[in-house]
Amino acid sequence: MNSLKQYIELYLENRATVDENSAAPLNKLRAEALEVLERAQLPDSSCEDFEHTSINDMFAPDYGVNISRVNIPVDVASSFKCGVPNMSTLLGITVNDSFRSTSTLQGKLTDGALFMSLRAAAREKAELVERYYGSVAPLSNASVALNTLLAQDGALIYVPRGVQLSKPLQLVNIFSSPAPLAAFRRLLIVLEDDAAAQLLVCDHTQDSATDYLSSQVVEVVAGRNSSLEIIDIEESSSRTSRYSQMFVRQHDGSNVRINGTTLYGGITRNDYHIDVSGAHCSTTLNGMAICSASQHTDNHTRINHLSQHCHSTQMFKYVLDDDSKGVFSGSILVAPGASFTEAYQSNRNILASTDARMHTKPQLEIYNDDVKCSHGATTGQLDAEALFYMRTRGITEHEARTMLMQAFMTDVIDSVHIDGLSDRLRHLVELRFKGGPDALCGDCAASCRGESVVKQ
Amino acid sequence: MDKNKDIETNDILGDVTNNEYKYGFTTDIETDIIPRGLNEDVVRFISAKKGEPEWLLEFRLKAFRHWLTLTPPKWAHLDIPEIDFQAISYYAAPRKKEGPKSMDEVDPQLIDTFNKLGIPLEEQKVLSGMAVDAVMDSVSVKTTHREKLAELGVIFCSISEAVKDYPDLVKRYLGSVVSYRDNFYAALNSAVFSDGSFVYIPKGVRCPMELSTYFRINASGTGQFERTLIVADDDAYVSYLEGCTAPMRDENQLHAAIVEIVVEERAEVKYSTVQNWYAGDKEGRGGVYNFVTKRGLCRGDYSKLSWTQVETGSAITWKYPSCILAGEGAVGEFYSVAVTNNYQQADTGTKMIHTGRNTRSTIVSKGISAGHSQNSYRGLVKVAPKADGCRNYTQCDSLLLSSTCGAHTFPYIDVLNDTAIVEHEATTSKISEDQIFYCNQRGIPTEEAVGLIVNGYAKEVMNKLPMEFAVEAQKLLQITLEGSVG
Amino acid sequence: MKEILLEVRDLHAGIENKEILKGINLIVREGEVHAIMGPNGSGKSTLSEVLAGNPAFTVSSGSATLNGKQLLDMTPEDRSHEGLFLSFQYPVEIPGVSMVNFMRAAVNAKRKYFNEPPLAASDFLKMMRQKRAIVELDNKLASRSVNEGFSGGEKKRNEIFQMAVLEPKLSILDETDSGLDIDALRIVAGGVNKLKTEKNATIVITHYQRLLDYIKPDFVHVLYKGRIVKTGGPELALELEERGYDWIKEEIDNESK
């Protein structure tokens, strides 16, 4: 079964509508995308990198696509759960795939910086969008091609040369639809030389009873000596499937920090593909996943060191409860000539219940001798000794487990450099482990189930 | 520290100066070779030539028919040229003068060959404490110490003889660990395997000497497809060694072997390999393609299987000696040193499949790449849902000696049980310039220093080898890396 | 007569099918200090772990009561609430959990157990400050993760600090002197003495007499092969210091022949 077929048909039948409701620079790439798709298939579990998450299956159900851009109402306040106190951001909202500006954003950006609808930008700043759109994400990738075929909007973040944004940007993606819906979103982030920006992205759903599918392609260009931090938090629903592909190109001396956190979701697959093309770059790619029920989280990373004197670190942590499934496959490639590379990767996982499972595949591919690379992966349980120690001090097993899981995530949380956000993230993670204020025992991810026996 | 293993490096270096591949001679010996090509008739011919029973011919034919449906695996990090399986001769045997019954009857040239390799077949000269089965091209030429072993009930003979003398044992175990359906090369081997060793250690017997098989490819244009089957019954113990060499030839030769090991309750098998097939010349011409399936089934509770390998030869190596840890408390170990130089490629590692409760496994892999070689560790650690209390610790380190080589690590870790503790650590680094400088300052030339450092780096694995092998393996490391610096 | 705090009767326990405690009998009353001494491997630490409820150990028979309540049926945290405190020989490091959060969780869990409201943050911090003074614990340590990167001495002081905060009825100090230099030993012992009242009791598990110069025991027990084989006054400790354990071993081993 090739699930691409339905999307290709949809496009062929509604070609004009798709184009009309988008803009020329986006439309321009559709023909080429179509050509790729006609002889391609979405990857499934027979593909090495998708062994545990079939994109073909993810895209198979019959979702609606809002190609004529009907304005779907959304109650932003009720689904917008990640208001971040002590942190003022410039806020943009994407409903499904349509970007909506907010009052906090209007007129606040100066010096030529942009944070706006990609569709609008493609009309107003066609030249800029044309230059970068599709320049980092390869169309030869079937999933990118599919997104390119159907994406009509999304967001553009553009920071001109030397401009350093003083406030973090925040993009809230909200799914809202009366019927099952697929959204094809595009996020284009361009930092010119010496520019700096911070971005918080969070995914939410208006309701938890509708099936949603998000296809997201993020393209990032980090200019010379630019500095970019992206925090991407998914807090969607068990009926949401997400395939997010982020492609980053780093130029000389750039510093890119990315954090991908999955708190709630159905099936999640995140690809991070970072080409460190310039010299003296620094890359930090961290993430965490807290999974319960039958949640499925798959993070796939690839850092290509193509130049000299670069440094990258990756750290992904998972806590898996119930019958949830975690997948991590991460690779570091050091190309010939990329001397003096230092690259580190670590993946640490805790299985908190009998039916939880973890598949991990850390990889090193090294074609240069002047390197320092390492990776480590562990899968295990909470430290039984620490648990006992805490209980001898009177802390209940449940609370001790929660505290230890929280502590387990500390280094990922602390690696977030946006003021106020790491505290907020700590709080969100704590809530997640505790299952929220009104949670019943068993709702949370602490998974003690009232068991008093610690597994050795 | 075991003093014996602390080898005098200088002596070794003295030994190996000007050394290329010292096993690269051919023996001018009369050989029976069948024409190149593979079809059902060839399979029937091999079976008939060996006077096999009907069931074994059936086994071969099933495997052959299955093989026809397969294509060579492509997933390894290897660049394997298209192999023309019809251009290989599937049977070559030193021509015998009517079945030698004693040493006197073995072709003196054969004895010479193995003497040159340092493998004396005359029992009085054999190192005490080691029994040898020598396999030349496709056929086992001589097994030593058989009678002595027989007193204990230990069976150590060629697999062809085992088929004749112990058909029930062979029938019960052959293909029970590595099915002919397992992979492309396993199917091929099952169809055309020529000879190899058979070992059976009865209940409660600790085999008093190391058992050793020495493999030698001699004839040109042939492949070697040997098959080894080792069964350790309850409470038995055996240490088994495997060595291999081949002549230097410009063409590539195919070696596709299967090793199956069954370990019953509380039994222990140690399997050590020093693989030194011809690796090709400095430009990457020639060399053996070493595509091997090795697997042990730790079927009994508290059984133990330990693989130790030192891989220095072969143009291309594709092998993953594995353990299926099915019995409660079974233990699997894998210690590996893989050295690649010039244009060699190696994709090697292990699989530890934990299906029994409280099973434990340890993996220590040391990769050393030099020249233009590519050296990959590929391993799987899997803990099945019902296998409570399992532990795995994996450490794989890669050492890079040139800027044109590659070192890669591809571990697959699947944990389906929440009581498991699985740890994997890997590092990749260049040989330390500080260490080399320190040696230089003390008057040790760089090349020697590299040898010293590499041997130190690999020591953890080398120490697992039986002593006679450790000496040879250490020399090999040195030789393989010659000319890799500067 | 002073009330019995801890009563252990014919306690048998072990780990992984190996019996280590082979019939322990011990009575500790309010206001008393007991020292348990014995050669390596005699079961001293096992006794403390079993009393504190470490799930790694299995009790095969016997009983233990604290204030008349069955101790062995309780979870480790309830034993703590009921007033049992174990100062660990090797306090575990818990990266990522700050001392402040850790102690607040402990204090409030105990208050909840006794149906008291949680302590206000300011009161809690005030209490922490007061208790820290008892063992001269550096303020900096309080902001660090539990025991992480603490020196040996700091870990032991941290244990006594926690003891001060939790105000236990019965404290078991497991080899609290091991790894301490003389100054740290004085501080730790001083802390223990300050916390001593008429109503609580202490069990000091130690290898050497040294600690007993600072914490004066009323009773000294010798544990050997999982049993208390000798009980005496402080003079027994001095005798052990002088003569070692061999004479006791001989006595016992001869008896059993």
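**View 1. C:Glu167 is a partly exposed residue in a predicted model**. Counting around C:Glu167 gives 14 other C-beta atoms within 10 Å, so it falls in the partly exposed group. You'll find C:Glu167 in the loop between α6 and β9 (170-174) of chain C. Its backbone is worth a look too: phi of C:Glu167 is near 45°, a positive value in a residue other than glycine. Keep in mind throughout these views that the model is predicted.

**View 2. A:Phe340 has a positive phi as well, of about 60°, although it is not a glycine**. This one sits in chain A, in the loop between β17 (325-334) and β18 (341-351). Is A:Phe340 buried, exposed or partly exposed? With 16 other C-beta atoms within 10 Å, A:Phe340 is partly exposed.

**View 3. C:Ala189 is a buried residue**. Here we're looking at helix α7 (residues 182-195) of chain C, which holds C:Ala189. Why does C:Ala189 count as buried? Because it has 23 other C-beta atoms within 10 Å, and 20 or more is what buried takes. Setting aside neighbours within four places in sequence, C:Ala189 is in contact with C:Leu211, C:Tyr214 and C:Ile215. For a sense of scale, pick out C:Arg9, which is 180 residues away from C:Ala189 along the chain. The C-alpha atoms of C:Ala189 and C:Arg9 are separated by 29 Å.

**View 4. Helix α1 (residues 4-13) of chain A has buried residues at A:Leu4, A:Tyr7 and A:Tyr11**. Look down the axis of α1(A) and these buried residues fall within an arc of 70°, so they line one face of the helix. What lies over the buried residues of α1(A)? The cover includes α2 (15-20), α4 (30-38) and α9 (142-150) of chain A. Now check the other side of α1(A), where A:Lys5, A:Glu9, A:Leu12 and A:Glu13 are exposed.

**View 5. Helix α2 (residues 40-49) and helix α3 (residues 54-68) of chain B pack with their axes 10 Å apart**. The angle between α2(B) and α3(B) is about 155°, which makes α2(B) roughly antiparallel to α3(B). The crossing of this pair is right-handed. Which residues make the contact? From α2(B) come B:Glu40, B:Val43, B:Arg44 and B:Ser47, while α3(B) brings B:Leu56, B:Leu57, B:Arg60, B:Leu61 and B:Phe64. Sorted by class, the contact of α2(B) with α3(B) has 5 nonpolar, 1 polar and 3 charged residues.

**View 6. α3(B) also packs with helix α8 (residues 184-192) of chain B**. For α3(B) and α8(B), the axes are 7 Å apart and the angle is about 145°. This crossing is left-handed. On the α3(B) side you can pick out B:Phe59, B:Arg60, B:Ala63, B:Phe64, B:His66 and B:Trp67, and they meet B:Ala187, B:Leu188, B:Ser190 and B:Ala191 in α8(B). By class, the contact of α3(B) with α8(B) comes to 7 nonpolar, 2 polar and 1 charged. If you'd like the setting for these helices, chain B has 11 helices and 24 strands. Of its 486 residues, 54% are buried. Among contacts in chain B with a separation of 6 or more, 83% link residues 24 or more positions apart.

**View 7. Chain C touches chain A through 23 residues of its own and 21 residues from chain A**. On the chain C side, α2 (76-81), β7 (94-98), α3 (99-113) and α6 (152-166) each supply at least two residues. Which element gives the most to this side of chain C? That would be α3(C), with 5 residues. By class, the side of chain C that touches chain A has 14 nonpolar, 7 polar and 2 charged residues.

**View 8. Chain A meets chain B with 32 residues, against 29 residues from chain B**.

Technical notes: Residues numbered from 1 in each chain as written. Chains lettered and ligands numbered in written order. Predicted model: local features only at pLDDT ≥ 70, side-chain atom pairs only at ≥ 80, totals over all residues. Contact = placed C-beta atoms within 7 Å. Helix = DSSP H or I, 4+ residues; strand = E, 2+ residues; numbered from the N terminus. Nonpolar A, V, L, I, M, F, W, Y, C, P; charged D, E, K, R; others polar. Buried ≥ 20, exposed ≤ 12 C-beta atoms within 10 Å, placed from the backbone. Arc of directions from axis to C-beta. Axes fitted to C-alpha atoms, helices over the stretch in contact; angles between N-to-C directions. Parallel < 35°, antiparallel > 145°, perpendicular 65-115°, else oblique. Left-handed = near helix turned anticlockwise from the far one by under 90°.
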